[in-house]
Amino acid sequence: MSKKDLGLLILILVVGAVVAIINPRFLLPINLANTSNLIGLFGILAIGQAFVIITGGIELSVGSVVALLGVLFVDFIATRGMAWPVALPLILVLGGIIGLAHGWLITRLKLQPFVVTLCGLLIYRGVARFYTADGTAGFAFGQNFPELEFLTAGRSYGVPNSFIALIVIAIVMWVVLHRSVFGRYLYAIGKNEEAAKYSGIRTGRVVMAAYVICGVLTALSAIYFAMYTRSISPASHGQFYELYAIAAAVLGGFSLRGGEGSLIGVILGTVLLQELQNLVNLLGIPSSLNFAVMGGVILIGVLVDQQWGVYRERRLMLEATRRGTAGAAAE
C-alpha cells in the first residue's frame, strides 16, 4: 500500500469515526450493508474508468451506457423472454463493443477521448430514450428471477453480493494492472505515449484494450444497477455516474494526466465517496448538496494530486543536486 493509499484509508477511518460519534446509526448493520452495496455498484464502474484514465484518456459516457444497457437487459429478460444466462453475456459483449468503438475512434482516427466519449454520452442516452419511447423499462408485477436476483441484489452471510463481486473483480484487475506486462504497458503509455511507441509497445492496441475493459465493466455494472433499481427511466437513470467513477479514481491517486495510480486507491476512493454520501444523509444535510459535495471532493483531489506532483519533482531535483555536489566534492 502506497503512502497515498494509506493516507486515504486514515481519512476514511477518521470521517467514519466522526460520523459515528455524531450519529450512531452510521454503524447499524442495515446502514453498513446498504453502503457496502453502493460501494460495490459504483466500485465496478470506477475500476473500469481507472483503466482508461491511466492511459491519459477519459470516459464520459459511462452513465449513458449504464442507462442503455440496463434498459436492454431488462427488456431482454422481462419483455422478450430471453433467459438471463444468455442475456447477461450478451450485454457484456455489447459493452465491450462500445469500448472497442471508442478505442478505435481514439487510436485510429486520432480523435480526442473527451470528444468521443462526450458524443457517446449524448448518443447512448438518446438511443435509450428512443428504444423505450421515453417510457420506463421495468419488471411486471410478480415477475421474479431468483438466481439472478440473488447474484446481483442478494446477500451472503449479510454481505451484499455486489460488494463481493467488487472484491473479486478488484483482485483480478489488480493482478492485471500491477503484475502483468499489459499493466506495465498502460503505465508507460500514460507517462509518455510517444516514448512507449518507440520502445516497441503497440500503443493503439493497448489503449483499445483499456477501453474494452472499461466497456465490459460498465456493462456488468449496468446489470447490477438494473437489478438494484428494478425500474429504469432512461432520461435519468445513470445520470452523472461518470462523475462518481472519475472522482473515485482521482481520489484513489489516478492522475488525469495518466501514468499514475493504484487499484487499491480506486476502491478506497469509492468507499470515501459513498461514506460522504452517507454522511450527507445521516447528518440531515439537504440532498440537493450531493453534487456540490462531490464537486468539492474532485477539486480537492485534483489539487492534492497536483501539489503532490510539484513536491515530488522538487524533492527529486534537490536529491539530484545533492548527489552532484557530493560527487564534485569527492573529486
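Which helix does lysine 197 lie in? I looked it up: lysine 197 belongs to helix α9, residues 193-198. (Helices are DSSP H or I runs of at least four residues and strands are E runs of at least two, numbered from the N terminus.)

**Ground rules.** I am working on a predicted model, where local features need pLDDT of at least 70, side-chain atom pairs count only at pLDDT 80 or more, and totals for chains, interfaces and linings use all residues. Residues are numbered from 1 along each chain as its sequence is written, and side-chain values use heavy atoms, with hydrogens and water left out.

**Lysine 197, continued.** I checked its cover next: lysine 197 is partly exposed, because its relative accessible area is 36% (buried is under 20%, exposed over 50%, partly exposed in between, with a 1.4 Å probe and protein chains only). I also found Lys197 in a surface patch of positive charge, together with Arg108, Lys110, Arg202 and Arg205. (A patch takes residues with over 30% relative accessible area and no salt bridge, and joins like charges within 9 Å, or nonpolar side chains within 5 Å; Lys and Arg count as positive.)

**Salt bridges.** I searched the whole structure and got 4 of them. (The cut-off is a side-chain nitrogen of Lys or Arg within 4 Å of a carboxyl oxygen of Asp or Glu.) Side chains of opposite charge can pair when their charged atoms come close.

I noted arginine 80 with aspartate 75, where the closest N and O atoms are 2.6 Å apart. Arginine 80 is exposed at 57% relative accessible area, whereas aspartate 75 is buried at 12%.

I then looked at aspartate 134 and arginine 129, which meet at 2.8 Å, N to O. Aspartate 134 is partly exposed at 45%, and arginine 129 is partly exposed too, at 35%.

My next entry is glutamate 149 with arginine 230, at 2.9 Å, N to O. This pair links distant parts of the chain, 81 residues apart: glutamate 149 is in helix α6 (residues 146-153), and arginine 230 is in the loop between α10 (203-229) and β4 (231-232). Arginine 230 comes out partly exposed, at 27%.

For residues 206-227 I got 100% helix and 0% strand, and 32 Å between the end C-alpha atoms.

Conventions
Areas by Shrake-Rupley, 256 points an atom, 1.4 Å probe, with all protein chains shown as cover. Charge placed at Lys NZ, Arg CZ, Asp CG, Glu CD.
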